[in-house]
Amino acid sequence: MAGVWQIKRYFANRKVDKQNGESERTPLIDYEVGMEDSPKNLIPLRAWNVVGCSEILHTSQPAVPKASVDQHLEQTDVDLRHRFIERRSNRACLLAKRSGASVPLGVTCILLVRFSSIGDVLLTTPLVRSLRTRHPAARLVFVTKRALAPLVVDNPRLSEVVALEPGESLRTLARRLSALRPTTGLDLHGSLRSAALRLFVRCPWRGYSKRKLARRVLIATKIDLYGRRVGVAERYFEAAAGLDVRPDGGPPEFFVAAAARERAARWLAERRLDGAPLAVLAPGAAHFTKRWPPDRWVALAERLRAAGYGLAVVGGPDDRAVAQALASHAASTAGDFALQETGALLARARVAISGDTGVMHMATGVGTPVVALFGPTVEQFGFFPYAARAAVLQRDLDCRPCSAMGGPRCPMGHHRCLRDIGVEDVAAAVERLVA
Ligand code: SF4
């Protein structure tokens, strides 16, 4: 008998041992296997609200007798039998709460909302990884702007990515998300827009502290109220405090599709840059005060060329002018490569040199060492390269930090925070990282 099997995973409940206060998982029902078109077998799946979730394994292998299920599971997915789908149960939740248990119940569909920008989106990926490890059967749905979806769309730890289309209203987006019947919402954006979305999509939501007050005080008075340095990647875990996850110490992840890798490889080959060690330069930044001066980039490019590096410049359309200044030393993709192609190019590099920008996080996401130049922004803000091979260059000046995201002009007029970082400092950092 040929057909498609559906394999339902364990459901778990929580039992509280009142004597010693400990809790343990107890399977409520065992796995069940049945034909996809068998109403009898599908009814329990619907009752448990998991129809269509990735937790149901489909295989087009000839169906096996039910007696051979163990063997069949071993052949298809060894881990499958050890995963859990946790059932929404008010009583069980109450028991878990009373016992102080950290493992949540009813987690089947988690929304992670971060609309922008490049670095912030990539810094959510350590949380995504931990959620996937701790809740292997959960449906993890990432919500972001269409333009930034390529940063996460190939992340295999996510079940799906829902993109906010240009011009789409929040209500429409909310309707699409509500249809997924989320059991938990993580607001990793903390904006008015995400607050509105929380009103429209009904599920338990949690956010995290952006430390805005501490940031304002530090900029205005230089008094540091931050306390322990915690990167943004770890602050996101506050939103998931009820989900029993913690940072695993790994870096952000940027997964790049094969097509993007192929385009990057072709681009390098056409420019004969595929033979030498590659250094990627990212001279651009949204605001002037975050940009290392163009003449320094030119001098650095000369130096790296002399050291045997092939050079490529990355950036957006606004970075074409500075890329032009480097044209005699470095080929440019500025404005021509999409996010994934830029990621693929970075993945081919021995080192990337960048300011405090999204490219810096893209480099860490693909595992490329990065030399990061920090000027008006500081470590307390949480955007230093996270858990990655990196060298941060910065100068100890009383005027730092002067803004949260950089600005159009230096309030002091000298821009020493970046001008004082010499070409030789950057070249030495490159040498150290690559050695
Ligand atoms: S030199 Fe000081 S005031 Fe000027 S941009 Fe840098 S940090 Fe801000």
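How many bridges join strand β15 and strand β16, and in which sense do the two pair? Four, and the sense is parallel: that's residues 351–355 with residues 370–373. In that pairing, Gly 355 has Leu 373 in β16 as its bridge partner.

Quick housekeeping. This is a predicted model: local features need pLDDT of at least 70, side-chain atom pairs count only at pLDDT 80 or more, and totals for chains, interfaces and linings use all residues. Residues are numbered from 1 along each chain as its sequence is written.

Strands pair if DSSP finds at least two bridges between them.

Okay, the sheet. It's open, with six strands in the order β14-β13-β12-β15-β16-β17, paired in parallel. β14 (331–332) and β17 (390–393) are the edges, each with a single partner strand, so one side of each has no neighbour in the sheet.

Now the helices. Helix α14, residues 358–365, lies across β12 (278–282), β15, β16 and β17, at about 155° to β15. Helix α16, residues 423–434, lies across β12, β15, β16 and β17 too, at about 165° to β17. Those angles run from 0 to 180 degrees between N-to-C directions, with axes fitted to C-alpha atoms, for helices over the stretch in contact. Contact means C-beta atoms, placed from the backbone, within 7 Å.

Last, the ligand. There are 14 residues around it, and Thr 289, Cys 399, Cys 402, Cys 410 and Cys 417 come nearest. To be counted, a residue needs its C-beta atom, placed from the backbone, within 6 Å.

Definitions and conventions: Two residues are in contact if their C-beta atoms, placed from the backbone, lie within 7 Å.
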